[in-house]
Structures are given as structure tokens and as C-alpha cells.
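This report describes one protein chain for a reader who has not seen it before. Look over the sequence and the structure first, then read on.

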Amino acid sequence: MTLRVGPLPSPTPVWTDPERAAQILGNLLGNALRHTPPGGRVQVGAHAHAGRVQITVQDTGSGIAPEHLERVFERFFRADAARTRGEGSGVGLTVARGLARALGGDLTVQSTPGKGSRFCWTLPATPPGAGDTDSG
């Protein structure tokens with residue numbers, strides 16, 4: 001399996017909790033690596049735009065059926081009912097999306113069955129409200 005990182009933007013500060021950010025990224029990478037077969041590829045990238053940073057984790061794994069795309073964020077949902085308990089608890093993406101939203105961002109997915117998935121995590125480059133000029 002190949003793990004690629006990049007392209008990455010020039011250093012861009014982000015507003016986040018480092019422990020929660022590590023938890024989100026660890027979950028996305030763990031899932032991508034688990035669902036990508038030998039010889040496949042996982043790529044991590046990032047770009048900044050309009051006061052936000054988007055981190056992507058894309059794989060060439062099994063992909064997710066269209067009817068399951070939003071359900072993968074539901075607690076205990078497993079797109080593949082044949083998976084065993086030892087292959088994850090079914091709460092990782094639920095927690096990751098909840099953390100992303102609590103940090104002022106979001107977590108979304110795009111996927112094509114048989115071709116892989118792309119998870120996009122957005123987070124603010126500055127604290128929410130930092131650009132507000134209204135002092136009350």
C-alpha cells in the first residue's frame with residue numbers, strides 16, 4: 001500500500017484543539033488504511049481557501065454505496081454487514097464528525113463503490129468570530 005502526503009499549502013495556521021484534531025485525522029487514516037487493499041493508495045492533502053482549511057483523506061478502497069454515504073456518520077452503522085466486531089466499533093466517524101463540527105468545521109464524504117472514498121474535513125483558519133467587528 002502507498003501512503004502519500006501532499007500537496008500541502010504553505011504553512012497556514014488553523015484554529016483547533018490539537019488532541020481532537022489528532023483524533024479526527026487518526027480515525028480518517030485508520031479507516032482509509034483498513035478499507036484499502038494491498039497495492040492500493042491512500043493520499044492526504046490540504047488546501048486553504050476563504051478563511052478555512054480543508055484536509056482530505058482519499059483512498060482507492062472498496063468505496064461506499066450511494067445509499068450509505070450519510071449513514072456512515074450514524075452511530076453503530078456498518079455499510080458492510082459482514083464485517084466482524086473486531087474491525088471497528090461503528091462509532092469512529094460519528095465521533096469524528098461531531099468533533100469536527102464542535103471545532104467549527106465539518107466532515108463530509110464522497111465515494112464511488114469499487115473505486116474508493118474521499119473524506120473532507122474543513123476547519124476554520126481563525127477562531128469563529130475573530131473577524132467580527134461588531135462589539136455589541
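Is the crossing of H1 and H2 left-handed or right-handed? The crossing of H1 and H2 is left-handed; a crossing is given this name if the near helix is turned anticlockwise from the far one by less than a right angle, and is called right-handed if clockwise.

## Basis of the model

The model is predicted: local features need pLDDT of at least 70, side-chain atom pairs count only at pLDDT 80 or more, and totals for chains, interfaces and linings use all residues. Residues are numbered from 1 along each chain as its sequence is written, and side-chain values use heavy atoms, with hydrogens and water left out.

## Overview of the chain

The protein chain has two helices and five strands. Helices (H or I, at least four residues) and strands (E, at least two) are DSSP runs, numbered from the N terminus. Read from the N terminus, the elements follow the pattern β-α-β-β-α-β-β.

Of the 136 residues in the protein chain, 34% count as buried; buried means under 20% relative accessible area, exposed over 50%, and partly exposed in between (1.4 Å probe, protein chains only). The accessible surface of the chain is about 8000 Å², and 54% of it belongs to carbon and sulfur atoms. Such areas come from the Shrake-Rupley method with a 1.4 Å probe, and for residues only the protein chains shown count as cover. Among contacts (heavy atoms within 4.5 Å) with a separation of 6 or more, 66% are between residues 24 or more positions apart.

## The sheet

The five strands form an open sheet in the order S1-S2-S3-S5-S4, with mixed pairing. Two strands pair if DSSP finds at least two bridges between them. Strand S1 (2-5) and strand S4 (106-112) are at the edges with a single partner strand each, so one side of each has no neighbour in the sheet. From one strand to the next, the twist averages 15°. Strands of a sheet pair through backbone hydrogen bonds, either parallel or antiparallel.

S1 and strand S2 (residues 41-49) run parallel and are joined by four bridges. Within this pair, leucine 3 has valine 42 of S2 as its bridge partner. S2 and S3 run antiparallel, joined by eight bridges; alanine 48 stands opposite valine 53 in S3, and glycine 45 has threonine 56 of S3 as its bridge partner. Seven bridges join S3 to S5, and these strands also run antiparallel. Here arginine 52 stands opposite proline 124 in S5.

Why is S3 largely enclosed by the rest of the structure? Six of the eight residues of S3 are buried, so the strand is largely enclosed. Glutamine 54 is found in S3. Leaving out residues up to four places away in sequence, glutamine 54 touches Gly45, Ala46, His47, Arg118, Cys120, Trp121 and Thr122.

S2 and S3 form a hairpin with two residues between them. Alanine 50 lies in the loop between these strands. Its phi is near 50°, a positive value in a residue other than glycine. With 69% relative accessibility, alanine 50 counts as exposed.

Helix H1 (residues 18-35) lies across S1, S2, strand S3 (52-59), S4 and strand S5 (116-124), and runs at about 25° to S3. Helix H2 (residues 92-102) packs on the sheet, where H2 touches S4 and S5 and its direction makes about 135° with that of S4. Axes are lines fitted to C-alpha atoms, for helices over the stretch in contact, and angles run from 0 to 180 degrees between N-to-C directions.

H1 and H2 pack at an angle of about 145°, with axes 9 Å apart. The contact involves Arg20, Gln23, Ile24, Asn27, Leu28 and Asn31 of H1, and Gly92, Leu93, Val95, Ala96, Leu99 and Ala100 of H2. In H2, Leu93, Thr94, Ala96, Arg97, Leu99 and Ala100 are buried, and their cover includes H1, S4 and S5. After H2 comes glycine 104, which has a positive phi near 90°.
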